[in-house]
Amino acid sequence: IGTLLSRYGHRGLQLRTTMNSLENSEMLHQKERAALEQLAERDSLTRLYNRHKFDKFMQECAQVTTAPICIISADANFLKLTNDVFGHESGDTLLRSVARIMQDLAKTGWLVARCGGDEFRVLLPNTRLETALDYCRRVTRHCQKDRTLPIPLSVALGAAEWDRERENLEKCFARADEKMYQHK
């Protein structure tokens with residue numbers, strides 16, 4: 001009987017060890033999956049959302065809500081000059097600083113994204129144009145006060161409120177982009 005008990009005790013221990021190993025593997029898999037999902041949605045330099053996430057969120061907002069939506073288009077100014085004069089590390093610092101300011105000033109529920117190079121976008125669900133323009137002014141002021149680099153930060157911003165009756169969100173973005181270029 002002692003041999004029989006020790007034999008089943010040993011199997012129970014093996015089974016418990018195997019179960020623990022599987023649970024640990026599953027937890028590791030879930031952590032790795034979450035990390036990969038974050039990498040797929042985030043810009044590696046600024047940690048802002050990327051263009052893919054922005055476009056996906058924009059489509060979701062257009063389908064789900066009837067509330068006002070604004071879009072902001074932004075370009076960090078003088079990135080090429082910063083890279084040429086101070087080096088690419090300074091250019092990266094410029095992009096991270098603009099991203100930090102834009103994210104810090106964004107309200108909960110807004111999505112700030114780096115969509116490539118020096119291009120940023122903000123999607124502001126449940127927001128009127130006046131609020132979007134106020135956000136643009138605050139971003140501009142904070143950039144002017146920033147002393148991260150030897151040159152002041154500068155960002156061109158354009159905002160537009162979506163007119164659901166006359167355009168799709170892509171056209172609204174085009175209007176915001178046009179206004180941004182007027183401020184460049």
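The structure is a predicted model: local features need pLDDT of at least 70, side-chain atom pairs count only at pLDDT 80 or more, and totals for chains, interfaces and linings use all residues. Residues are numbered from 1 along each chain as its sequence is written, and side-chain values use heavy atoms, with hydrogens and water left out. The protein has 6 helices and 4 strands. Helices (H or I, at least four residues) and strands (E, at least two) are DSSP runs, numbered from the N terminus.

**Overall fold**

- Along the sequence, the pattern reads α-α-β-α-α-β-β-α-β-α.
- The protein has 184 residues, and 39% of them are buried. Buried means under 20% relative accessible area, exposed means over 50%, and partly exposed lies in between (1.4 Å probe, protein chains only).
- Take the contacts with a separation of 6 or more: residues 24 or more positions apart account for 66% of them. A contact means heavy atoms within 4.5 Å.

**The sheet**

- The 4 strands form an open sheet in the order E2-E3-E1-E4, with antiparallel pairing. Two strands pair if DSSP finds at least two bridges between them.
- E2 and E4 are the edge strands, and each pairs on one side only.
- From one strand to the next, the twist averages 20 degrees.
- E1 and E3 run antiparallel and are joined by 7 bridges. Ile-71 has Leu-123 in E3 as its bridge partner.
- Helix H2 (residues 51–64) lies across E1, E2 and E3, at about 25 degrees to E3. Axes are lines fitted to C-alpha atoms, for helices over the stretch in contact, and angles run from 0 to 180 degrees between N-to-C directions.
- Helix H6 (residues 169–182) lies across E1, E3 and E4, at about 145 degrees to E4.

**Helix H5**

- H5 covers residues 129–145, which is 17 residues. From first C-alpha to last, H5 reaches 25 Å, close to the 24 Å expected at 1.5 Å a residue. The expected span is 1.5 Å times one less than the number of residues.
- Its buried residues are Ala-132, Tyr-135, Cys-136, Arg-138, Val-139 and Cys-143.
- Seen down the axis of H5, these buried residues fall within an arc of 165 degrees, so they line one face of the helix. The arc is that of the directions from the helix axis to the C-beta atoms.
- An α-helix has 3.6 residues a turn, so residues three or four places apart point the same way.
- Glu-130 and Lys-145 are exposed on the other side of H5.
- The buried residues of H5 pack against strands E1 (69–76), E2 (111–116), E3 (119–125) and E4 (155–161), and against helix H4 (88–105).

**Helix H3**

- Leu-79, Thr-82 and Asn-83 are the buried residues of H3.
- They cover an arc of only 100 degrees around the axis, which puts them on the same side of H3.
- The face turned away from that buried side carries exposed Lys-80, Asp-84 and Val-85.
- The buried residues of H3 pack against E1 and H4.
- Thr-82 sits in H3 (residues 79–86). Thr-82 counts as buried because its relative accessibility is 1%.
- Leaving out residues up to four places away in sequence, Thr-82 touches Gly-87, Ser-90, Gly-91, Leu-94 and Ile-151.
- Gly-87 follows H3 and has a positive phi, near 100 degrees.

**Salt bridges**

- The whole structure holds 12 salt bridges. A salt bridge is a side-chain nitrogen of Lys or Arg within 4 Å of a carboxyl oxygen of Asp or Glu.
- One of them joins the side chains of Arg-128 and Glu-161 (2.5 Å, N to O). This pair links distant parts of the chain: Arg-128 is in the loop between E3 and H5, Glu-161 is in strand E4, and they are 33 residues apart.
- Arg-128 is partly exposed at 46% relative accessibility, whereas Glu-161 is buried at 18%.
- Arg-166 forms a salt bridge with Asp-163, with the closest N and O atoms 3.7 Å apart. Arg-166 is exposed at 74%, and Asp-163 is partly exposed at 28%.
- Arg-175 forms a salt bridge with Glu-167, with the closest N and O atoms 2.7 Å apart. Arg-175 is partly exposed at 29%, and Glu-167 is buried at 14%.
- Arg-51, Asp-55, Glu-119 and Arg-121 are linked in a salt-bridge network.
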